[in-house]
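Here are some notes for a colleague who is opening this entry for the first time. Please read them with the sequence and the model side by side.

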Amino acid sequence: MSITICFDFGNTRLKAAVFEQDQLKEILILPDDNRSTIEEIVQKYKPQFTILSSVVNHQPEVEDVLSSHTNFHKLSHLTKLPFSTPVGKPETIGADRLALCAAAVYLFPQKNNLAIGLGTCITYNFINNQNQFLGGSISPGLEMRFKAMHGFTAKLPLVNMEWHFPLIGYDTKTNLLSGVAWGMAKEIDGIIDAYAEKYGNFNVQLTGGDTLHFAPLLKNQIFADPQLIFKGLYAISEFNR
């Protein structure tokens, strides 16, 4: 049984997904990117293949361990991809965005796709029906919005997201919760509507840790999958064998 581990090092969390053949079996939350942590994972699961998507300055030992014990691939603009990137500077595209595009193409090939990632930032990634990644947009994510309102004002508190909140806030905390959550939901719906005006029929994929909370707030029909980035990484790993 072939085992592949896909590592996703984001600005907020370090995560990994264990695949047996093409089935996602387990999600791992890494406490750090120390050599011992990576070695422990490799020893436990004994993967034949690994792939790393990183948007942070991770420890160089990570790549040493993975390349020494597995067939390792580091996702970058030099990676062979199941789509093209006819943009001005493909080397500046984040690895996480490449993974989302790969997942969209894998699930809906030769279709117009808008893959939306909910992370530290919200990324909007559009792939047309010729499997070309045309680009998209980036805006502040959930925590960034809360931190910005706290950091750039004198009296607004820093709050953590709670998913039971009213539309009409009745105190400072619930006003912030309503503003951030509904503001993000209406932004996402608005972006989807703008693409619909330009491209007509297309598929929308939504992913990220808060996907299942945000999906009910949206009026547009979407394909919600919190693990979409891992499925894209697995598709890229297979494509580069």
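1. H58 sits in the loop that links strand 4 (49–54) to helix 2 (61–69); helices (H or I, at least four residues) and strands (E, at least two) are DSSP runs numbered from the N terminus. The model is predicted, so local features need pLDDT of at least 70 and side-chain atom pairs count only at pLDDT 80 or more, while totals for chains, interfaces and linings use all residues. Residues are numbered from 1 along each chain as its sequence is written, and side-chain values use heavy atoms, with hydrogens and water left out.

2. Is H58 buried or exposed? H58 counts as buried because its relative accessibility is 14% (buried is under 20% relative accessible area, exposed over 50%, partly exposed in between; 1.4 Å probe, protein chains only). The side chain of H58 makes a polar contact with that of S54 at 2.8 Å (a pair of N or O atoms within 3.5 Å; within protein, one must be able to donate a hydrogen and the other to accept it, and residues adjacent in sequence count only if both atoms are side-chain atoms). Neighbours within four places in sequence aside, H58 is in contact with F9, D33, L52, E63 and K74 (heavy atoms within 4.5 Å).

3. T123 belongs to strand 7. With 8% relative accessibility, T123 is therefore classed as buried. Its side chain has a polar contact with the side chain of N125 at 3.1 Å. Residues up to four places away in sequence not counted, T123 touches R97, L100, A115, I116, G117, S137 and I138.

4. Strand 7 (121–127) is part of an open sheet of five strands, ordered 8-7-6-9-10, with mixed pairing (two strands pair if DSSP finds at least two bridges between them). Strand 8 (133–140) and strand 10 (223–224) are the edges, each pairing on one side only. Strand 9 (residues 203–208) and strand 10 run parallel and are joined by two bridges. In this pair, L206 stands opposite A224.

5. Which residues lie nearest the centre of the largest pocket? They are T12, L118, G119, T120 and C121, out of a lining of 31 residues. Helix 3 (95–107), strand 6 (113–118), strand 7, helix 4 (142–151) and strand 9 each supply at least two lining residues. Helix 4 gives the largest share, four residues. On a 1 Å grid over the protein atoms alone, a pocket is an open set of points where a 1.4 Å probe fits, with protein on both sides within 12 Å along at least five of seven lines; lining residues have an atom within 4 Å of a point.
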